[in-house]
Amino acid sequence: MLPSIDLRGVLVALERALLPPQCLTCDEAVPRSDGEALICAVCRSRWRRVAPPCCPRCGGTQSPGGHCGFCADWPEALTAVWAAVWLDDGARRAMHRLKYGGWWRVADAVAAGMQPVPLLSAPSVLVPVPLGPRRLRHRGYNQAECLAAALARHGGHQVRTDLLHRRRETGTQTRLTPEARTANVRGAFEGSSTVRGRVVLVDDVLTTGATLAEAAAALRESGADRVDAVTFARARPPATMLD
Ligand SMILES: [Zn+2]
Ligand SMILES: [Zn+2]
């Protein structure tokens, strides 16, 4: 659970009192003019945005013929995915902080750096990709939920953590091939019977789309009309996926 607004304010004040204003990704001092930023303006400016021309469905690089090998195998249930930046060193460090450093407030800087988000131009229902209970206990928070909450503060969106659940724990995807990732997450999610209308999945990183595709299929099966997804970063696909 994320702290309530009041507790959050107290924690932010406490953190500012205890810690020097220092960028979490480069360790340089953050000037007072940069406000509450935990990631300095220089680091944020180095995040490379995923820019057009690209596949309208997944934002990936298309072949000259207009074919996109990246999303060709995704199920129809996943309508469109948008990622803000490429997962280069700076973005990777920010995600590492968000995921393993316990710095759930990094989510605010990340959500600010993602703006504007085309798939969130209207108030939307955000569904963070859930962690399994074991990993949630170990980490203490779900980084996708932190990111969704931060995005919600930017656009009046609603975060719903009750619409999608993990049916089972899945091993880490980090070292798996694209095929193994798909097999690893098959049947991992279950949607709630109360899902209606359009929902937008939120996750930290888009790698092959296997997790988002599986989560989208579960939401559609439970009654969603349309499932889109937004992530902060996008991993560079292996060359074979661009054929
Ligand atoms: Zn920095
Ligand atoms: Zn595509």
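In which type of crossing does α4 pass α6? In this predicted model, the crossing of α4 past α6 is right-handed. The legends below begin with an overview and then turn to individual close-ups.

**Figure 1. Overview of the predicted chain.** The model is a prediction, and its secondary structure comprises eight helices and seven strands. The chain has 243 residues, of which 40% count as buried. Where contacting residues are at least 6 apart in sequence, 73% of the contacts join residues at least 24 apart.

**Figure 2. The packing of helix α4 against helix α6.** Helix α4 spans residues 106–114 and helix α6 spans residues 143–155. Their axes lie 8 Å apart and form an angle of about 55°; the two helices are therefore oblique to each other. On the α4 side, the contact is made by Ala107, Asp108, Val110 and Ala111. On the α6 side, Cys146, Leu147, Ala149, Ala150, Leu151 and His154 take part. By class, the residues of this contact are eight nonpolar, one polar and one charged.

**Figure 3. The packing of helix α3 against helix α4.** The axes of α3 and α4 are 9 Å apart, at an angle of about 140°. The crossing of α3 past α4 is left-handed. Ala94, Arg97 and Leu98 of α3 meet Val106, Ala107 and Val110 of α4. Five of the residues in this contact are nonpolar, none is polar and one is charged.

Figure 4. The buried residues are Val106, Ala107, Asp108, Ala109, Val110, Ala111 and Met114. Among the elements that cover them are α2 (41–46), β1, α3, α6 and β7.

**Figure 5. The largest nonpolar core.** In soluble globular proteins, nonpolar side chains tend to be buried together. The largest nonpolar core of this model has 68 residues. Those with the most contacts inside this core are Ala107, Val110, Leu147, Leu201, Val202, Ala216 and Leu219. At least two core residues come from each of β1 (78–86), α3 (89–100), α4, β2 (125–128), α6, β6 (198–206), α8 (210–221) and β7 (226–234). Helix α8 gives the most, with eight residues.

**Figure 6. The neighbours of Val202.** Residues up to four places away in sequence are left out of this view of Val202. The residues that Val202 touches are Leu126, Val127, Pro128, Val129, Ala144, Leu147, Ala148, Leu151 and Val230.

**Figure 7. Two backbone details in loops.** Most residues other than glycine have a negative phi, and most peptide bonds are trans. Gln115 and Pro116 are joined by a cis peptide bond, with omega about -10°. Pro116 belongs to the loop between α4 and β2. Asp27 is not a glycine, yet its phi is positive, near 70°. Asp27 lies in the loop between α1 (5–18) and α2. With 8 other C-beta atoms within 10 Å, Asp27 is exposed.

**Figure 8. Arg139 and Gly101.** Arg139 is part of helix α5 (residues 133–139). Because 14 other C-beta atoms lie within 10 Å, Arg139 counts as partly exposed. In sequence, Arg139 and Gly101 are 38 residues apart, and their C-alpha atoms are 9.2 Å apart in space.

Conventions: Residues are numbered from 1 along each chain as its sequence is written. Chains are lettered from A and ligands numbered from 1 in the order in which they are written. This is a predicted model: local features need pLDDT of at least 70, side-chain atom pairs count only at pLDDT 80 or more; totals for chains, interfaces and linings use all residues. Axes are lines fitted to C-alpha atoms, for helices over the stretch in contact, and angles run from 0 to 180 degrees between N-to-C directions. Helices (H or I, at least four residues) and strands (E, at least two) are DSSP runs, numbered from the N terminus. Angles under 35 degrees count as roughly parallel, over 145 as roughly antiparallel, 65 to 115 as roughly perpendicular and the rest as oblique. A crossing is left-handed if the near helix is turned anticlockwise from the far one by less than a right angle, and right-handed if clockwise. Two residues are in contact if their C-beta atoms, placed from the backbone, lie within 7 Å. Ala, Val, Leu, Ile, Met, Phe, Trp, Tyr, Cys and Pro count as nonpolar, Asp, Glu, Lys and Arg as charged, and the others, Gly among them, as polar. A nonpolar core is a set of buried Ala, Val, Leu, Ile, Met, Phe, Trp, Tyr and Cys residues joined through C-beta atoms within 7 Å. A residue is buried if 20 or more other C-beta atoms lie within 10 Å of its own, exposed if 12 or fewer, and partly exposed in between; C-beta atoms are placed from the backbone.
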